[in-house]
Amino acid sequence: MTTKRRSAAWYGKLDRDGFIHRSWMKNQGFPDHAFDGRPIIGICNTWSELTPCNSGLRDLAEGVKRGVWEAGGFPVEFPVMSLGETQMKPTAMLFRNLLAMDVEESIRAYGIDGVVLLGGCDKTTPGQLMGAASVDLPSIVVSSGPMLNGKWQGKDIGSGTDVWKFSEAVRAGEMTLQDFMAAESGMSRSKGVCMTMGTASTMASLVEAMGMSLPTNAALPAVDARRMALAHLTGKRIVEMVDEDIKPSDVLTKAAFINAIRANAAVGGSTNAVMHLLALAGRVGVELTLDDFEQGSDVPLLVNCMPSGDYLMEDFCYAGGMPVVLQELAGQGLLSASKTVLGGDIAAYAEGAECFNADVIRSFDNPVKPAAGLRVLRGNLAPLGAIVKPSAATDALLEHEGEAFVFENIEDMKANIDRDDLPVTPDTILVLKGCGPKGYPGMPEVGNMPIPKKLVQQGVRDMIRISDARMSGTAYGTVILHVAPEAQAGGNLALVKTGDRIRVSASAGQLELLVDAAELEARRAAWQPDAPHYTRGYAKLYIDHVLQADRGADLDFLVGKDTRPVTRESH
Ligand code: FES
Ligand code: MG
């Protein structure tokens, strides 16, 4: 038996402790040679029937195991908390850091040498990466893969994106409730994650751009047999990675994050990527700030997928997927050298990719939109920053000054947004408070609040909305998000009153509340935070320790990593 492996400190010992570690594992029928010093590979699974997007991961785990055995490793699957974006209240984001803790502590406590992270749904990918990065054992991602394209009445419909469209159409009286209900079944017709470029596919695409999965992982449909083959190949690769000692800290360099930021622009990725990349960077100790996201702002939109374009993930896959995008970026000098899980550079990783549909994956000469990156806005309304996604916004509204109409919290918004006498016009700026990390808590995807019904009925489909919330990666509109500090933390957002004027300039990166300092001072003196909704358990821990959006809303005590060996035994 070798003693150099981490797992040898569990299974390589010839004493009472080794007996205990091996003997109980043998109750599953593993033979002696499983403990002969071969790499032990953890398969960290977020499979759950309450996370429908991850329901294919049980099958994929079997594929990974085949590959691990084939390469001479010993695969052991373990469950971690699963976060079902569409099922959890108040928001899955509240629990991303809890999943990260679960992943981190599971990896650290068990006798494994490397990890395959099986995730998919929005928060599962970042939660797993954050946890794995804080232990820093060799790690690689296999994603659920997208659902097949939604189909309804002979047309393609996209996860999320068409939900927002249909629900506005019902409110405008343009769609019957029967049709609305019927579209449900056609939208989600196979296993997998949202098949728009929502947060799940965005994060899978960025995982590929950072080189943390095998190439083509992001776009292969969940039910495509080639995904099972990819899982098998990933199982083989992680065994080699253990021998080559390729750790997250080797792959997740500053250059990898900048590549991800540029790739996020090129794919028209979710605003949520900002939160997750900032939090992940904090784990690996890479200095990444909101300003770094400006490095993506001139990158054109190449991937023509909803919500910023017309197609869906199946089309993206058949057009060639992420390797084509990475090659396009490389061709423009926008892909910085960075090591991948394959051991070589990211450029080699994407080499040989071919585009099979030039309308789905555009070239730099013929982009869907010329500059697609996120814009960071600052000003007295967001001293620590806010963001807007121009590719999903209305150009005319990106430079705008108007009067605020304020909702103090989500209940206020829901109770009043459809009032016939709501004093708003298309020029009004809707402001929503109390939806930040501490306030809601968990920073939910409510920033794309509905257009007031009276305006929807007049045909208005977009107006400026400002909040401390996030929005779904499948959503669109001129929505200013992640205002920091949030209202509940005493940011100036808390002080905005209906009738105040606000100036937005995406080109100048400005978000100004046009109220003088003395008046703001007076309002601040009279302001008090709301009593928290949660006073015990994890949610209390979260409220007490969550960082603001500019730090990715990680918990303050989770930033960084601890790679020390665990020396003490349980008996
Ligand atoms: Fe799970 Fe969209 S809700 S991926
Ligand atoms: Mg989401």
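Where does UniProt place the feature "domain: Dihydroxy-acid/6-phosphogluconate dehydratase N-terminal"? The record, an unreviewed entry, puts this feature at residues 38–344. The legends below walk through close-ups of what is a predicted model.

**View 1. The stretch that UniProt annotates as a domain, residues 38–344.** Helix makes up 45% of the chain over residues 38–344, and strand makes up 9%.

**View 2. An open sheet of four strands, in the order E2-E1-E3-E4.** The pairing in this sheet is parallel. Strand E2 (74–79) and strand E4 (139–143) each have a single partner strand, so one side of each has no neighbour in the sheet. On average, and ignoring direction, neighbouring strands here are turned by 20° against each other. Take a look at E1 (residues 40–45) and E3 (residues 114–119) as well: five bridges link them in the parallel sense. At one of these places, Asn45 has Leu118 of E3 as its bridge partner.

**View 3. Helix H5 (residues 124–133) packed on the sheet.** H5 touches E1, E3 and E4. The direction of H5 makes about 165° with that of E3.

**View 4. Helix H5 beside helix H12 (residues 272–284).** Two numbers are handy for a helix pair: the angle between the axes and the distance between them. For H5 and H12 the angle is about 10° and the axes are 8 Å apart, which makes H5 roughly parallel to H12. From H5, the contact involves Pro126, Leu129, Met130 and Ala133; from H12, it involves His276, Ala279, Leu280, Arg283 and Val284. Sorted by class, these are seven nonpolar residues, one polar and one charged.

View 5. Pro485 belongs to the loop between strand E12 (479–484) and strand E13 (501–505).

**View 6. Positive phi at Gln153 and at His482.** Most residues other than glycine have a negative phi. Gln153, with phi of about 50°, lies in the loop between strand E5 (150–152) and strand E6 (155–157). Gln153 counts as exposed because it has 9 C-beta neighbours inside 10 Å. His482, with phi of about 60°, is part of strand E12. His482 is buried, with 34 other C-beta atoms within 10 Å.

Terms used. Residues are numbered from 1 along each chain as its sequence is written. Chains are lettered from A and ligands numbered from 1 in the order in which they are written. This is a predicted model: local features need pLDDT of at least 70, side-chain atom pairs count only at pLDDT 80 or more; totals for chains, interfaces and linings use all residues. Two strands pair if DSSP finds at least two bridges between them. Helices (H or I, at least four residues) and strands (E, at least two) are DSSP runs, numbered from the N terminus. Axes are lines fitted to C-alpha atoms, for helices over the stretch in contact, and angles run from 0 to 180 degrees between N-to-C directions. Two residues are in contact if their C-beta atoms, placed from the backbone, lie within 7 Å. Angles under 35 degrees count as roughly parallel, over 145 as roughly antiparallel, 65 to 115 as roughly perpendicular and the rest as oblique. Ala, Val, Leu, Ile, Met, Phe, Trp, Tyr, Cys and Pro count as nonpolar, Asp, Glu, Lys and Arg as charged, and the others, Gly among them, as polar. UniProt positions are given in the numbering used here, feature names are shortened, and annotations may be inferred rather than shown by experiment. A residue is buried if 20 or more other C-beta atoms lie within 10 Å of its own, exposed if 12 or fewer, and partly exposed in between; C-beta atoms are placed from the backbone.
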